[in-house]
Amino acid sequence: MSKILVTGGTGLVGQQLISLLHKQKHEVAILTRNPKKTNEYLWDLHKNLVDDKAFENIDYIIHLAGAGVADKRWTKKRKEEILNSRVSSTQLLYQKITSLKIPLKGFICASATGYYGASTSETIFSETDKPAHDFLGSVCDAWEQTALSFQQIDIPVTILRTGIVLTEKGGALQKIKTPVISPLGSGKQYLPWIHIDDLINLYHKAITDHDFTGIYNAVAPEHQTNYSFSKQVALTFKKPFLGIGVPSFLLKLILGEMSQILLEGSRISSKKLKTKNYTFTYPNLNKALESFVKTTQA
Ligand SMILES: NC(=O)c1ccc[n+]([C@@H]2O[C@H](COP(=O)([O-])OP(=O)(O)OC[C@H]3O[C@@H](n4cnc5c(N)ncnc54)[C@H](OP(=O)(O)O)[C@@H]3O)[C@@H](O)[C@H]2O)c1
């Protein structure tokens with residue numbers, strides 16, 4: 001049994017991860033901007049402030065916190081929030097771990113497939129590829145570089161470059177499940193995805209398998225375009241599918257620069273996970289979506 005400090009533990013991934021950690025008898029503390037429960041501790045990134053009590057006897061940190069990338073239009077201020085909530089938070093955790101001299105067994109950090117950039121091509125990106133120079137590519141790169149600084153103090157680092165997380169509890173899938181389902185833009189852009197159960201299994205692996213360090217693409221092995229993905233969602237949830245894509249110009253008009261995360265996307269390889277003996281519970285989309293139909297009906 002380990003004690004794990006989870007940042008962003010109140011979020012979509014965090015809540016389901018914490019429920020797995022509790023089932024596995026681990027102890028969990030949470031860093032949040034609004035502590036409510038006894039195991040939740042305050043941090044305020046704007047004031048560079050964090051409650052030292054959160055760090056008592058911890059073995060691992062899982063760092064998930066960050067302002068939602070798709071929640072609001074990307075104004076200059078919002079972009080700063082998206083970047084700072086990830087990079088300054090990682091720096092603050094690093095300062096605390098060094099000043100409190102905590103012998104952490106591992107620092108595990110979220111990142112995103114946005115690292116490879118908002119571009120559509122047949123390229124299959126793997127972990128050794130360079131970051132893109134666009135906004136999300138730069139955010140992910142800065143976030144990862146800050147996380148990797150823990151290695152300098154001999155703390156192992158695991159980074160999960162995550163695709164769109166599929167869960168019935170919110171996130172992208174609920175936004176796609178409109179009464180009539182249509183692809184977006186050309187529909188040719190790839191949409192790297194992962195089932196929530198696989199993602200939380202990977203976070204769990206990072207605290208139980210000491211060989212599971214380094215950077216990994218947390219995406220399912222099956223590649224889907226936005227068109228094939230939307231069609232499969234319509235089929236599984238028995239909703240009408242309108243094959244004509246929502247026009248790109250409309251999405252650009254409504255969402256501004258943020259529309260690129262919907263309109264562009266390349267293929268991402270998950271082969272490195274295989275080398276660490278990870279077997280996906282949901283390697284294909286059909287099976288992944290079916291699991292939510294069963295959950296809804298149960
Ligand atoms: N969900 C996906 O499809 C997906 C895909 C790729 C990567 N990721 C990454 O994985 C991580 C977890 O994803 P998620 O879907 O669980 O995210 P989420 O539901 O948006 O939760 C993130 C948590 O971060 C904290 N947070 C939000 N804004 C913040 C700010 N301005 N400053 C400090 N903390 C802030 C919040 O916790 P408090 O309110 O308690 O402080 C929130 O619960 C995120 O970093 C995300 O970028 C997610």
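Student: Is His 195 buried or exposed, and why?

Tutor: A residue is called buried under 20% relative accessible area, exposed over 50%, and partly exposed in between, with a 1.4 Å probe and protein chains only. His 195 has 2% relative accessibility, and therefore counts as buried. Please note that this is a predicted model, in which local features need pLDDT of at least 70, side-chain atom pairs count only at pLDDT 80 or more, and totals for chains, interfaces and linings use all residues. Residues are numbered from 1 along each chain as its sequence is written, and side-chain values use heavy atoms, without hydrogens and water.

Student: Which residues does His 195 touch?

Tutor: Contact means heavy atoms within 4.5 Å. If residues up to four places away in sequence are not counted, His 195 touches Leu 166, Tyr 282, Ala 288, Ser 291 and Phe 292.

Student: Which side chain does His 195 join through a polar contact?

Tutor: A polar contact is a pair of N or O atoms within 3.5 Å; within protein, one must be able to donate a hydrogen and the other to accept it, and residues adjacent in sequence count only if both atoms are side-chain atoms. The side chain of His 195 is joined to that of Ser 291 by such a contact of 2.8 Å. The side chain of His 195 also reaches the backbone nitrogen of Asp 197, at 2.9 Å.

Student: Which protein atoms lie 2.8 Å from an oxygen atom of the ligand?

Tutor: An N or O atom in the side chain of Arg 33 lies at 2.8 Å from a ligand oxygen, and the side chain of Arg 86 also places an N or O atom 2.8 Å from an oxygen atom of the ligand. For Gly 66, a backbone N or O atom is 3.2 Å from a ligand oxygen.

Student: What is the largest nonpolar core?

Tutor: In soluble globular proteins, nonpolar side chains tend to be buried together. A nonpolar core is a set of buried Ala, Val, Leu, Ile, Met, Phe, Trp, Tyr and Cys residues joined through side-chain atoms within 4.5 Å. Here the largest has 56 residues, and Phe 55, Phe 107 and Tyr 203 have the most contacts inside it. Helix 5 (residues 196-208) gives the most to this core, namely seven residues; helices are DSSP runs of H or I with at least four residues, numbered from the N terminus. Another core, of 16 residues, lies apart from it and includes Ile 181 and Leu 289.

Student: Which residues are in contact with Phe 55?

Tutor: Leaving aside neighbours within four places in sequence, the contacts of Phe 55 include Leu 5, Leu 31, Ile 61 and Lys 96.

Definitions and conventions: Helix = DSSP H or I, 4+ residues; strand = E, 2+ residues; numbered from the N terminus.
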